[in-house]
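Please keep the sequence and the structure in view while reading.

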Amino acid sequence: MRAAANHAKITSHMLDIGKGALLATIISVAAIFALALGLKALPISDAVLAVVNQVIKVLSVASGAYLGVGRGGENGFLKGAGTGILYMLLGTGLYHILGGESQSLLGVLSDMLMGGAAGGIAGILTANLAPKSGK
């Protein structure tokens with residue numbers, strides 16, 4: 001009985017992480033698409049573009065962690081970090097599938113570390129928000 005309850009809880013946490021990573025990926029794709037349209041009108045240097053890309057990633061992870069953890073949720077750090085790491089893996093995979101250059105292993109690992117850290121922080125903050133009333 002206890003094993004079944006633990007399995008259900010783990011499954012629920014994994015679904016929360018998956019939903020958060022999916023939202024983060026959708027936000028990133030939309031933001032990158034908007035950025036690509038904006039680049040046609042505004043000349044942006046590569047240095048500025050790199051910073052904007054990192055900001056998009058962090059904001060996407062934070063949004064995904066917010067969904068995955070939920071206001072006043074439990075295991076904020078773990079769900080948020082899991083969301084960030086999974087998002088970075090999905091993003092790397094999508095970029096590769098769409099014909100982008102392959103990233104070095106160090107590049108992938110540093111993205112995963114950044115995603116995990118940003119997600120963990122966002123998850124902690126989200127878990128410490130007061131739950132929405134009416135639930």
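How are helix 1 and helix 3 oriented to each other? In this predicted model, helix 1 and helix 3 pack at an angle of about 50°, with their axes 8 Å apart. Angles from 65 to 115 degrees would count as roughly perpendicular and those under 35 degrees as roughly parallel, and the two helices are therefore oblique to each other. The crossing that helix 1 and helix 3 make is right-handed.

**Overall architecture**

The protein chain contains four helices and zero strands, and its elements, read from the N terminus on, follow the order α-α-α-α. Along the principal axes, the C-alpha atoms of the chain fill a box of roughly 60 × 35 × 20 Å. Of the 135 residues in the protein chain, 29% are buried.

| Helix pair | Packing angle | Distance between axes |
|---|---|---|
| Helix 1 and helix 3 | about 50° | 8 Å |

**Salt bridges**

With a cut-off of 4 Å between a side-chain nitrogen of Lys or Arg and a carboxyl oxygen of Asp or Glu, the count comes to four salt bridges. Among them is the pair of Lys-9 and Glu-74, whose closest N and O atoms are 3.9 Å apart. Because Lys-9 lies in helix 1 and Glu-74 in the loop between helix 2 and helix 3, this pair ties together parts that are 65 residues apart in sequence. Both ends of the pair are partly accessible by calculation: Lys-9 counts as partly exposed at 45% relative accessibility, and Glu-74 is partly exposed with a relative accessible area of 41%.

Lys-19 is partly exposed, with a relative accessible area of 48%, whereas Asp-16 is buried, with a relative accessible area of 14%.

The side chain of Asp-16 also meets that of Lys-79 in a salt bridge, at 2.8 Å from N to O. Asp-16 lies in helix 1 and Lys-79 in helix 3, so this pair ties together parts that are 63 residues apart in sequence. Asp-16 and Lys-79 are both buried, and the salt bridges that share partners join Asp-16, Lys-19 and Lys-79 into one network.

Although Asn-75 is not a glycine, it has a positive phi of about 55°, and at 38% relative accessibility Asn-75 counts as partly exposed.

Is Leu-42 buried or exposed? Leu-42 lies in the loop between helix 1, which covers residues 2–41, and helix 2. With a relative accessible area of 53%, Leu-42 is exposed, because the cut-off for that class is over 50%. Between Leu-42 and Leu-113 the separation is 71 residues in sequence and 31 Å in space, taken from C-alpha to C-alpha.

Finally, the surface carries a nonpolar patch of about 430 Å², made by Val-29, Leu-94, Ile-97 and Leu-98. One of these residues, Leu-94, is found in helix 3, which spans residues 76–97. Leu-94 is partly exposed, with a relative accessible area of 35%, and so passes the cut-off of over 30% that is applied to residues in such patches.

Key: Residues numbered from 1 in each chain as written. Predicted model: local features only at pLDDT ≥ 70, side-chain atom pairs only at ≥ 80, totals over all residues. Heavy atoms only, no water. Patch = residues over 30% accessible without salt bridge, like charges linked within 9 Å, V, L, I, M, F, W, Y side chains within 5 Å. Areas by Shrake-Rupley, 256 points an atom, 1.4 Å probe, with all protein chains shown as cover. Buried < 20%, exposed > 50% of the residue type's maximum accessible area, 1.4 Å probe, protein only. Axes fitted to C-alpha atoms, helices over the stretch in contact; angles between N-to-C directions. Parallel < 35°, antiparallel > 145°, perpendicular 65-115°, else oblique. Left-handed = near helix turned anticlockwise from the far one by under 90°.
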